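Please look over the sequence and the structure shown below. The report that follows goes through some strands, helices and single residues.

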Amino acid sequence: MTSEHVKCLIIGSGPAGYTAAIYASRANMNPVMYQGPQPGGQLTITNDVENFPGYPDGVNGPQMMQDLENQARRFGSDIRYGMVTAVEFSDHPGRDRPHRAIVDDSHEITADSIIISTGASAKWLGLPSEMRLNGRGVSACAVCDGFFFRGQDVAIVGAGDTAAEEASYLANLCRKVYMLVRRDEMRASKFMQQRVKSAHNIEILYNTETAEVLGDDEVSGLRIRNTITGEESVLGVTGFFVAIGHKPNTDIFRDYLDMDENGYILTEKGSTRTNIPGVFACGDAQDNVYRQAITAAGTGCMAALDAERYLVTVEMQEQQLVH
Ligand code: NDP
């Protein structure tokens with residue numbers, strides 16, 4: 001196994017990771033980033049990003065991630081393709097006990113500071129038709145893509161707070177929103193349920209599952225099934241939103257970092273500090289509320305600033321010990 005030591009290791013790409021890289025490289029922290037299995041993260045499966053400030057005409061998701069990567073490289077970030085497969089965080093990090101990460105089971109990195117920006121992955125139903133039409137009428141983000149379905153009929157699957165919130169969001173834009181609930185009740189909070197039920201253009205279809213997303217190049221409808229009778233029917237919609245939850249990509253940190261019950265990393269209020277000194281978390285890996293590119297970028301900036309301040313403090317403490 002090869003080995004190297006770095007000042008700042010960034011795990012995961014996306015708006016949070018690239019922003020952290022831009023700030024860290026400009027602060028002379030010589031960051032090394034491993035991009036993970038999907039370089040650029042969730043935005044690389046979004047076509048048009050129209051809500052990121054600074055792009056008056058919108059921007060293509062993959063292009064935006066490429067721009068961020070180029071910007072980080074311009075300041076010297078060492079951005080590498082590869083996946084961190086294991087970590088070992090030190091309780092009392094210092095020169096003699098740095099944090100460790102293993103890349104692709106073959107390369108060891110020790111680091112003075114680590115920024116986690118591994119993001120989250122939307123959960124999907126797992127239908128082949130859903131994958132085929134992803135980005136062409138199938139979306140896992142109403143706030144990102146709802147605008148493209150203004151005045152149209154859409155469906156959203158899910159019955160939790162996210163689905164309820166996104167259904168309400170879509171109801172303000174679309175002519176009709178069908179909410180597909182697989183059981184005879186919703187999981188969402190009473191308040192959110194009330195909001196959905198009182199919207200004039202949301203129709204809740206209970207005991208309903210999605211059998212197939214229809215359409216050749218774009219979504220043209222859904223084949224739905226009643227889970228009790230097995231009866232199938234076709235729903236004429238042009239947009240299909242999946243809101244059955246997200247899973248933060250944080251499994252490899254589970255033994256070291258405090259997390260909530262869903263695996264989101266807990267950070268100190270108003271900062272990106274985790275329970276381990278020198279380890280910082282930003283973006284969707286620690287945010288189950290906002291989950292936007294702009295908020296991820298904001299926390300990426302915070303993580304780099306927090307890491308820089310941490311490194312300065314540690315260096316000063318070590319110098320005091322020497323003298
Ligand atoms: P949840 O896990 O709470 O809900 C997921 C929903 O998707 C459930 O209703 C579930 O159905 C349904 N589902 C799962 N798999 C399938 C499937 N294969 N087919 C059909 N339906 C399926 O996820 P959320 O993202 O909604 O929420 C995550 C957390 O974030 C929660 O704690 C929530 O309260 C919180 N949150 C809070 C918000 C707020 O306070 N404003 C906003 C958004 C989220 P079933 O019920 O049958 O299991």
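Glu209 has Arg225, in strand S15, as its bridge partner. The model that shows this pair is a predicted one. S15 covers residues 221-226, runs antiparallel to S14, and is joined to S14 by 6 bridges.

These two strands belong to an open sheet of 3 strands, ordered S14-S15-S16, with antiparallel pairing. Strand S14 (208-214) and strand S16 (232-235) are the edge strands, and each of them pairs on one side only. On average, neighbouring strands of this sheet are turned by 30° against each other, with direction ignored.

## Strand S7 and its two partners

Strand S7 spans residues 99-103 and is mostly covered, since 4 of its 5 residues are buried. Strand S6 (residues 84-88) runs antiparallel to S7 and is joined to S7 by 4 bridges. Across this pairing, Val84 stands opposite Val103 in S7.

S7 also pairs with strand S8 (residues 107-116), again in the antiparallel sense, over 5 bridges. Here the bridge partner of Ile102 is Glu108 in S8. S7 and S8 form a hairpin with 3 residues between them, and Asp104 in the turn has a positive phi of about 50°. In general, most residues other than glycine have a negative phi.

## A parallel sheet of five strands

Another open sheet has 5 strands in the order S10-S17-S11-S12-S13, and its pairing is parallel. Strand S10 (138-139) and strand S13 (202-205) stand at the edges with a single partner strand each, so one side of each has no neighbour in the sheet.

Within this sheet, strand S11 (residues 153-157) pairs with strand S12 (residues 176-180) in the parallel sense over 5 bridges. The bridge partner of Ala155 in S12 is Tyr178.

## Two helix pairs

Packed helices are described by the angle between their axes and the distance between the axes. For helix H1 (residues 15-26) and H7, the axes come within 7 Å and cross at roughly 35°. H1 passes H7 in a right-handed crossing. Residues of H1 that meet H7 include Pro15, Ala16, Thr19 and Tyr23.

Helix H5 (residues 161-171) and helix H6 (residues 190-198) pack at an angle of about 30°, and their axes are 9 Å apart. This crossing of H5 and H6 is left-handed. In H5, Asp161, Ala164, Glu165 and Ser168 meet Met192, Arg195 and Val196 of H6.

Leaving out residues up to four places away in sequence, Glu166 touches Ala140, Cys141, Ala142, Ile156 and Ala243.

Glu166 and Phe241 are 75 residues apart in sequence, while their C-alpha atoms are 8.7 Å apart in space.

## Asp284 and Arg291 in one loop

Asp284 is placed in the loop between strand S19 (279-281) and helix H7 (293-322). Arg291 is also placed in the loop between S19 and H7.

Neighbours within four places in sequence aside, the contacts of Asp284 include Gln42, Gly119, Pro248, Tyr264 and Arg291. Arg291 is not a glycine, but has a positive phi of about 50°. Arg291 counts as buried because its relative accessibility is 19%, and the limit for buried is under 20%.

Asn30 lies in the loop between H1 and strand S2 (32-34). Asn30 has a positive phi of about 45° although it is not a glycine. Why does Asn30 count as exposed? Asn30 counts as exposed because its relative accessibility is 53%, and exposed means over 50%.

Methods. Residues are numbered from 1 along each chain as its sequence is written. This is a predicted model: local features need pLDDT of at least 70, side-chain atom pairs count only at pLDDT 80 or more; totals for chains, interfaces and linings use all residues. Side-chain values use heavy atoms; hydrogens and water are left out. Two strands pair if DSSP finds at least two bridges between them. Axes are lines fitted to C-alpha atoms, for helices over the stretch in contact, and angles run from 0 to 180 degrees between N-to-C directions. Buried means under 20% relative accessible area, exposed over 50%, partly exposed in between (1.4 Å probe, protein chains only). Contact means heavy atoms within 4.5 Å. A crossing is left-handed if the near helix is turned anticlockwise from the far one by less than a right angle, and right-handed if clockwise.
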